[in-house]
Amino acid sequence: MSKMERESSSVANLDARAQLFKALGHPTRLLILNLIDMKPRHGEELAAILKMPPASVSHHLTKLTNAGLLETEKEQYYQVYKLVEGILSKSLGEVVRLEQAGLGNDVEEDAYRQKVLKAFFKHGRLVNIPAQLKKRQIVIEALVEEFELEEEYTEREVNHILVDFHDDVAYLRREFISQGLMKREKGIYKRV
């Protein structure tokens, strides 16, 4: 699947989730769902129970069906509506979380982070260290990614890696420690 197809699929998935919440956002539709949860029903039966015109009930049933909550079966002359298997057993978290929709890996990196990195790095080199804490944290987090997790580095090795990015290696080392991204014991640095 190409990136464009994945993005299109991701957008469609988000739209489907939004339609689900729109469908649930009407009191009559919630009542219809509860009635159908008790047992499958046809439109005329629901209209009689709710004392509503069949056309209004049909409109609500269409919204619920389009949102993926209901499915229909033909029984003699009637379309009988029933809940989609397992639809109400999903938690709100399962419906909302992007990772479970396959979107977590497709969503582009945070635009603000990209903007900050683009502003402070030119040709792979840190042009200056941001004064603002939030921007400085983003820059320091990007720099610490140059180090392997749990691997030990001497101060000289850390300096050798950091000098490619900026001349003030002592300041960058201190930031790694103060932000809790690295720990230092007896002159040995380790990314945590």
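This is a predicted model: local features need pLDDT of at least 70, side-chain atom pairs count only at pLDDT 80 or more; totals for chains, interfaces and linings use all residues.
Residues are numbered from 1 along each chain as its sequence is written, and side-chain values use heavy atoms, with hydrogens and water left out.

Okay, sheets. Helices (H or I, at least four residues) and strands (E, at least two) are DSSP runs, numbered from the N terminus. Two strands pair if DSSP finds at least two bridges between them.

Contact here means heavy atoms within 4.5 Å. Axes are lines fitted to C-alpha atoms, for helices over the stretch in contact, and angles run from 0 to 180 degrees between N-to-C directions.

The other open sheet I want to show runs β6-β8-β7, again antiparallel. Its edge strands are β6 (152–154) and β7 (182–185), and the twist averages 30° from one strand to the next. Four bridges join β7 to β8 (residues 188–191), with Lys183 opposite Lys190 in β8. Helix α9 (residues 169–178) lies across β7 and β8, at about 105° to β7.

Now the helix pair. The axes of α6 (residues 111–120) and α7 (residues 133–144) come within 10 Å and cross at roughly 80°. So α6 is roughly perpendicular to α7; angles of 65 to 115 degrees count that way, under 35 is roughly parallel, over 145 roughly antiparallel, and the rest oblique. Residues making the contact include Tyr112 and Phe120 of α6 and Ile138 and Ala142 of α7.

Last, the classes of those contact residues: seven nonpolar, no polar and three charged. Ala, Val, Leu, Ile, Met, Phe, Trp, Tyr, Cys and Pro count as nonpolar, Asp, Glu, Lys and Arg as charged, and the others, Gly among them, as polar. By that scheme, the lining of the largest pocket has 11 nonpolar, five polar and three charged residues. Seven lining residues, the largest share, come from α1.
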